[in-house]
Amino acid sequence: MADEELISIKVWLAGRAYPIRIKPEEESAVRKAVKLADEKVHEMRSQYAGKDDQDFMAMCLLSYAADSALEAYNNPVMQEELDKLSKKIDRIITPSI
C-alpha cells in the first residue's frame with residue numbers, strides 16, 4: 001500500500017490521542033470503532049476499581065477478541081463445516097461393523 005493512499009487522523013481512546021494512517025474510505029468505520037472502544041473502556045472503569053488505563057484497554061481488547069471468536073464459531077456456515085468435519089472424524093475413528 002503506497003503512502004499517498006493513506007490519510008493521517010488523530011483518534012482519542014481512554015483520554016489519549018493516537019495518530020494513525022488509514023485509507024480515506026475507512027475513516028468513518030475507524031472513528032466508529034474507536035468510539036465504541038472508548039465507551040467500553042469507560043464502562044469497564046465504572047465496573048472495576050483500582051485498575052489503570054492499560055488494564056482497561058487490555059480488557060477491552062480481550063472482550064472484542066472473545067466476541068469475534070465466538071461470532072466466527074457461531075456462524076452457521078462455520079457450524080456446517082465443523083459438523084461435516086466431525087462426521088468425517090467419526091467415520092475414521094469408529095470401526096465398521
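In this predicted model, Lys35 forms a salt bridge with Glu39, and their closest N and O atoms sit 3.3 Å apart. Both of these residues belong to helix α1, where four residues, or about one turn of the helix, separate Lys35 from Glu39. The structure as a whole holds six salt bridges.

Helix α1 itself covers residues 27-47, and it packs against helix α2, which takes in residues 53-73. The axes of the two helices lie 9 Å apart, and the angle between α1 and α2 is about 120°. Since angles of 65 to 115 degrees count as roughly perpendicular and those over 145 as roughly antiparallel, this angle makes α1 oblique to α2. As for handedness, α1 passes α2 in a right-handed crossing.

So much for the geometry; the residues that do the touching come next. On the α1 side, the contact is made by Leu36, Ala37, Lys40, Val41, Met44 and Arg45. Facing them from α2 are Asp53, Phe56, Met57, Met59, Cys60, Ser63 and Tyr64.

Two of the pairings can be picked out by name: Ile9 stands opposite Ile20 in β2, while Val11 has Tyr18 of β2 as its bridge partner. In a regular strand, side chains alternate between the two faces of the sheet. Together β1 and β2 make up a hairpin, with two residues between the strands. In this hairpin, Ala14 takes a positive phi near 55°.

Notes
Residues numbered from 1 in each chain as written. Predicted model: local features only at pLDDT ≥ 70, side-chain atom pairs only at ≥ 80, totals over all residues. Heavy atoms only, no water. Pairing = 2+ DSSP bridges. Axes fitted to C-alpha atoms, helices over the stretch in contact; angles between N-to-C directions. Parallel < 35°, antiparallel > 145°, perpendicular 65-115°, else oblique. Left-handed = near helix turned anticlockwise from the far one by under 90°. Contact = heavy atoms within 4.5 Å. Salt bridge = Lys/Arg side-chain N within 4 Å of Asp/Glu carboxyl O.
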